[in-house]
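I opened the model today to look at loops, helix pairs and voids. My notes follow in the order I looked things up.

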Amino acid sequence: MSRFVDGVIANAARARTGMVTGEPGPAVRRPWTEVHGQARRIAGGLVAAGLRPGQAVAVLAGTPAEIAPVAQGVWLAGGSVTMLHQPTPRTDLGVWRDDTLRVLRMIDAQSVVVGAPFEQMAPALDAYGIRHHSPAQLGQSPEADPVDAGEDSPALLQLTSGSTADPKAVRITHRNLWANLRDASEHLRCGEDGVMVSWLPMFHDMGMIGCLALPMLSGLELVSVTPADFLGRPLLWADLISRYGGTITTAPNFAWAVLTRQLARVEPGRLDLSTLRVACNGAEPIDPATMRAFVEVASRFGFDPGAVNCCYGAAESTLVISLSGLADPMMLDRVDAAALERDNRAVPAGATASAEREIPMLGRPFPSVEVRVVDDDGKPLGEREVGRLQLRGESVTDGYLTPEGWEPARDADGWLDIGDEGYVADDQIVVCGRRKDVIIMGGRNIYPTDIERAAGAVDGVREGNVVAVRLLAGEGVARESFAVLAESRQAADEAAAARIAREVTSRVVAEIDARPSVVRVVPPGSLPKTPSGKLRRAAARQLLEPSDG
C-alpha cells in the first residue's frame with residue numbers, strides 16, 4: 001500500500017475531525033471515518049465495474065460532499081483521479097463535449113463518475129458509449145478492501161490550465177503526492193486542532209490537493225463550499241472562518257482583493273478573524289498592495305498580519321514548491337528596477353535607484369523539492385541572478401499525458417523547467433513572471449504583471465481584470481511592444497472608455513517608463529480565463545484586431 005493511502009486510512013481510524021459541507025444552507029458534518037466508509041463502498045463499486053490498478057477515473061462533480069468520498073474511493077480502488085473541467089451556464093455544450101471526449105481519450109479513462117449538479121451531462125456520455133456512474137449508485141456497493149497501489153502508480157492526472165482544445169495532464173504519483181503533502185503538513189503544523197476553510201474548485205490542484213487531500217491525510221477539520229457559493233456571496237468566506245474558528249485558508253490574489261472590498265463594508269465586531277494563523281496567497285501573481293489592503297481591513301476583526309503567507313506552487317511539483325515561514329509578516333524584496341530589467345540582476349534598491357520594484361519573497365523550497373536558477377544555456381546562476389527556475393525532487397512529476405502520447409518533463413539529470421523566471425535571495429524563491437510573457441523593449445525585460453498592476457489602479461478598471469499582451473515585431477508594430485486590455489463596466493460609454501484608455505497609458509508610462517502600442521477597454525467578462533479563473537494572456541491577443549497598432 002502506498003504511504004499516502006496508508007495515511008488516509010490511518011487518519012480515518014483515529015481522527016475525531018471531519019468535513020462540513022452544505023453551507024450557506026443547512027450544514028452537514030461527517031467525520032473522516034464516515035467519509036472513509038462511503039469511500040470503501042465506492043471503491044467496491046468501481047472494482048466490481050472493472051476498474052484495475054493504475055487505470056484512470058474521470059470525475060465530473062461540483063459538490064465537496066460527493067467529490068471527497070469519490071476521490072478517496074478511486075484511490076482505495078487503486079485508480080487515478082482526473083477532475084474534468086466543469087461547464088458553466090455560458091459554456092457551449094457542444095464544444096465542452098468535444099473537449100471532454102478529447103480528455104477522456106487522452107487519459108484512457110475507464111469510466112466517468114457524474115455527480116451534482118452535472119447529472120444532465122450523462123446523456124451526452126451515453127451517446128458516445130462512455131460508461132458512467134453516479135456516486136449514489138457506487139455507494140450502494142459492499143465495502144471493499146483497499147487495492148494495493150505502488151508508490152510510482154498514478155494517483156492524479158491533473159489537467160493543466162492551458163487550452164481545453166489542446167489538453168495536457170500532469171501525472172502525479174502516490175510518491176509525489178505523499179512527499180508534497182508530508183512537507184505541507186509539517187510546515188503548516190496540520191493536525192486535529194486545525195480548521196481549514198475553502199471554497200476553491202476541486203478541479204484545480206490547490207483545491208483538490210491542498211484543500212481536500214491534505215485535510216483527509218492530516219486530520220484537519222474541513223469546512224468546504226463551492227466557488228459559486230463564494231462568488232455569489234464573497235463575505236461567506238470570512239463568515240465561515242469566523243463561525244467555525246478557521247485556522248488555515250488559501251486563495252489566489254484576486255479573491256483576497258474581492259474579500260477586502262466586502263470586509264470594508266462590515267462593522268467591526270461582526271466577524272472574528274483572530275483564529276486565522278495561515279492565510280495563503282498563491283496560484284497567480286501576488287500583488288503586495290492587495291495583501292496590504294487586506295491586512296488593514298481585516299485587522300479590524302482581529303486578523304494577525306503574521307498569518308499572511310505568500311506561496312509558490314505548480315501542478316508539476318504536485319502543489320507547493322515553497323511557503324513563507326509561519327508567523328512571518330509578508331516579506332518583500334525591493335530591488336533596483338533598472339538592474340532587474342537590463343542586467344537580469346536583483347540588486348537591493350538603494351538611495352540612488354531611479355525606480356524600484358517590490359516583489360514578494362515566497363519562502364524556502366520544501367525538503368522534497370530542489371530549486372535552481374539557470375541561464376539560457378543551462379548554466380547555474382548565483383544569488384540574485386535572474387534566470388529560468390528549475391525543479392527536481394520527490395514531489396516533481398516525471399511527465400505529461402498529451403493527445404499525442406507520453407511527454408517526459410525532466411532532463412537526464414532530473415531537472416524540470418517550470419517556465420518561470422526568477423531568482424533566489426536569502427535562500428527564498430522570488431518569481432518575476434512567466435518566461436513566455438516577458439516583453440523585451442530597448443534591452444529591458446518588462447514583466448506583464450507590473451504593467452497590469454499599474455493599469456489596474458486606474459479608476460473604472462475592474463481590479464484583477466487587466467492583461468498586458470506581448471506584441472512581436474511585425475504584428476502591427478515596428479518593434480516588440482505590448483498592448484493592454486482592461487475590463488470596465490463603462491466600456492460601452494465611448495467617452496468614458498476613451499478617458500480610461502488615456503489614463504491607463506499615462507499610468508503605465510509613469511510607472512513602467514514604457515508606452516503601450518494599444519490600450520483596449522472591454523466589457524466585463526471579455527478577457528479569456530482558464531477554468532480555474534486565471535487570465536489567459538495568449539488567448540487575449542485574439543481580442544486585438546489587425547488594424548490596432
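This is a predicted model: local features need pLDDT of at least 70, side-chain atom pairs count only at pLDDT 80 or more; totals for chains, interfaces and linings use all residues.

I started at Pro-117, which I found in the loop between strand 5 (109-114) and helix 5 (122-127). Ala-116 and Pro-117 are joined by a cis peptide bond. I noted an omega of about 0° for this bond.

I then went to the other cis entry on my list. Here the bond joins Glu-23 and Pro-24. Omega is about 5°. Pro-24 sits in the loop between strand 1 (18-21) and strand 2 (28-31).

Next I checked a phi value. Asp-426 has phi near 55°. That is a positive value, and the residue is not glycine. I located Asp-426 in the loop between strand 22 (416-425) and strand 23 (428-434).

**Helix pairs**

I took helix 1 (residues 3-14) and helix 2 (residues 32-48) to begin with. They pack at an angle of about 130°, and their axes are 7 Å apart. An angle over 145 degrees would count as roughly antiparallel, and 65 to 115 as roughly perpendicular. Helix 1 and helix 2 are therefore oblique to each other. I logged their crossing as left-handed. From helix 1, the contact uses Ile-9, Asn-11 and Ala-12. From helix 2, it uses Trp-32, Thr-33, His-36 and Arg-40. I sorted this contact by class: three residues are nonpolar, three are polar and one is charged.

I moved on to helix 10 (residues 235-244) and helix 11 (residues 253-263). Their axes lie 8 Å apart, and the packing angle is about 80°. That makes helix 10 roughly perpendicular to helix 11. Leu-235, Trp-237 and Ala-238 make the contact from helix 10. Helix 11 answers with Ala-255, Trp-256, Leu-259, Gln-262 and Leu-263. Which classes make up the contact of helix 10 with helix 11? I counted seven nonpolar residues, one polar and no charged.

The last pair was helix 14 (residues 448-456) with helix 15 (residues 494-512). Their axes come within 8 Å and cross at roughly 130°. Helix 14 and helix 15 are therefore oblique to each other. Helix 14 passes helix 15 in a right-handed crossing. On helix 14, I listed Asp-450, Ile-451, Ala-454 and Ala-455 in the contact. On helix 15, I listed Val-504, Arg-507, Val-508, Glu-511 and Ile-512. The contact of helix 14 with helix 15 has six nonpolar residues, no polar and three charged.

**Cavity**

How many cavities of 30 Å³ or more does the model have? I got a count of one. The largest cavity has a volume of about 30 Å³. I wrote down its lining as Leu-46, Ala-49, Gly-50, Leu-51, Gln-110, Ser-111 and Arg-131. By class, the lining of the largest cavity has three nonpolar, three polar and one charged.

I finished with the second largest pocket. Its volume is about 150 Å³. The lining has 14 residues. Which of them are closest to the centre of the pocket? I found Leu-323, Ser-324, Gly-325, Gly-363 and Arg-364 there. Strand 13 (308-313) and strand 17 (364-365) each supply at least two residues of this lining. By class, the lining of the second largest pocket divides into seven nonpolar, five polar and two charged.

Technical notes. Residues are numbered from 1 along each chain as its sequence is written. Side-chain values use heavy atoms; hydrogens and water are left out. Axes are lines fitted to C-alpha atoms, for helices over the stretch in contact, and angles run from 0 to 180 degrees between N-to-C directions. Helices (H or I, at least four residues) and strands (E, at least two) are DSSP runs, numbered from the N terminus. Angles under 35 degrees count as roughly parallel, over 145 as roughly antiparallel, 65 to 115 as roughly perpendicular and the rest as oblique. A crossing is left-handed if the near helix is turned anticlockwise from the far one by less than a right angle, and right-handed if clockwise. Contact means heavy atoms within 4.5 Å. Ala, Val, Leu, Ile, Met, Phe, Trp, Tyr, Cys and Pro count as nonpolar, Asp, Glu, Lys and Arg as charged, and the others, Gly among them, as polar. On a 1 Å grid over the protein atoms alone, a cavity is a set of points where a 1.4 Å probe fits but cannot get out, and a pocket is an open set with protein on both sides within 12 Å along at least five of seven lines; lining residues have an atom within 4 Å of a point. Grid points are joined across faces, edges and corners, and a volume is the space filled by probe spheres set on the points.
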